[in-house]
Amino acid sequence: MNVKLIGITFVSVLFVAACSASIYIPTGKIARESGIPLGQLLQGRELYVEKCSSCHSLVNPARLTAKQWNRKLRVMAKRAKLTEKEKQLITNYLIAGSETE
Ligand code: HEC
C-alpha cells in the first residue's frame, strides 16, 4: 500500500468517526426524562447511524423539533426501507434528543 492510499484510508476513517460522534449518545438521564428504556434509545442510535447515513450526513437530533422529525420520518422511512420496528426505534431516539419547542 502506498503512502497516499494510507493517507486517504486514515482520513476517511476519521471522517466516519467524526460524523457519528457528533450525534448524542443516550444516557440514563435522557431515558428517564423521555420515558423510553435506555436499551431502546441505544438501539435507535445504532440504527440511525446505520440506516440514515447512506444518502446524506446525519442530521443532529437537536436540530429539529419532535413534530418536524415525525414529518421527516414519514418520507425517510420509505427511502431507507425501514421496518415498522426500526422506524419506531429511530423515531424514539431522534425525538428524545430533539429540540424542545
Ligand atoms: C435513499 C436516500 C436517503 C436515505 C436512505 C435517507 N434519506 Fe434523508 N434525505 C434524502 C434526500 C434526497 C434529502 C433532501 C431532500 C428532501 O428533503 O426530500 C433528505 C433530507 C433529509 C432531512 C432534511 C435535511 C435538512 O437539512 O433539513 C432529514 C432530517 C433526513 N433526510 C432524515 C433522514 C433519516 C432520519 C433517515 C433514516 C431513516 C434518512 N434521512 C434516510 C435521502 C435519503
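Guide: What follows looks at one helix pair, then at the core it contributes to, and lastly at the ligand. Please keep in mind throughout that this is a predicted model.

The pair consists of helix 3 and helix 5, which pack at an angle of about 105°, with their axes 8 Å apart. Angles of 65 to 115 degrees count as roughly perpendicular, and helix 3 and helix 5 are therefore roughly perpendicular to each other. On the side of helix 3, the contact is made by Gln40, Leu41, Gln43, Gly44, Arg45, Leu47, Tyr48 and Lys51, while helix 5 brings Glu86, Leu89, Ile90, Asn92, Tyr93, Leu94 and Ala96. Sorted by class, this contact has eight nonpolar, four polar and three charged residues.

The largest nonpolar core has eleven residues, among them Leu41, Leu47 and Tyr48, together with Leu89, Ile90, Tyr93, Leu94 and Ala96. Helix 3, spanning 38-51, and helix 5, spanning 84-96, are the elements that give two or more residues to this core, and helix 5 gives the most, with six residues. Leaving aside residues up to four places away in sequence, Ala96 touches Leu41 as well as Pro26, Ile30, Ser34 and Ile36.

Cys52, which belongs to the core as well, is also one of the closest residues to the ligand, alongside Cys55, Met76, Arg79 and Ala80. In total, 13 residues surround the ligand, and by class this shell has eight nonpolar, two polar and three charged residues. Its largest share, four residues, comes from helix 4, residues 66-79.

How values were computed: Residues are numbered from 1 along each chain as its sequence is written. This is a predicted model: local features need pLDDT of at least 70, side-chain atom pairs count only at pLDDT 80 or more; totals for chains, interfaces and linings use all residues. A nonpolar core is a set of buried Ala, Val, Leu, Ile, Met, Phe, Trp, Tyr and Cys residues joined through C-beta atoms within 7 Å. A residue is buried if 20 or more other C-beta atoms lie within 10 Å of its own, exposed if 12 or fewer, and partly exposed in between; C-beta atoms are placed from the backbone. Two residues are in contact if their C-beta atoms, placed from the backbone, lie within 7 Å. A residue is near a molecule or strand if its C-beta atom, placed from the backbone, lies within 6 Å of it. Ala, Val, Leu, Ile, Met, Phe, Trp, Tyr, Cys and Pro count as nonpolar, Asp, Glu, Lys and Arg as charged, and the others, Gly among them, as polar. Axes are lines fitted to C-alpha atoms, for helices over the stretch in contact, and angles run from 0 to 180 degrees between N-to-C directions. Angles under 35 degrees count as roughly parallel, over 145 as roughly antiparallel, 65 to 115 as roughly perpendicular and the rest as oblique.
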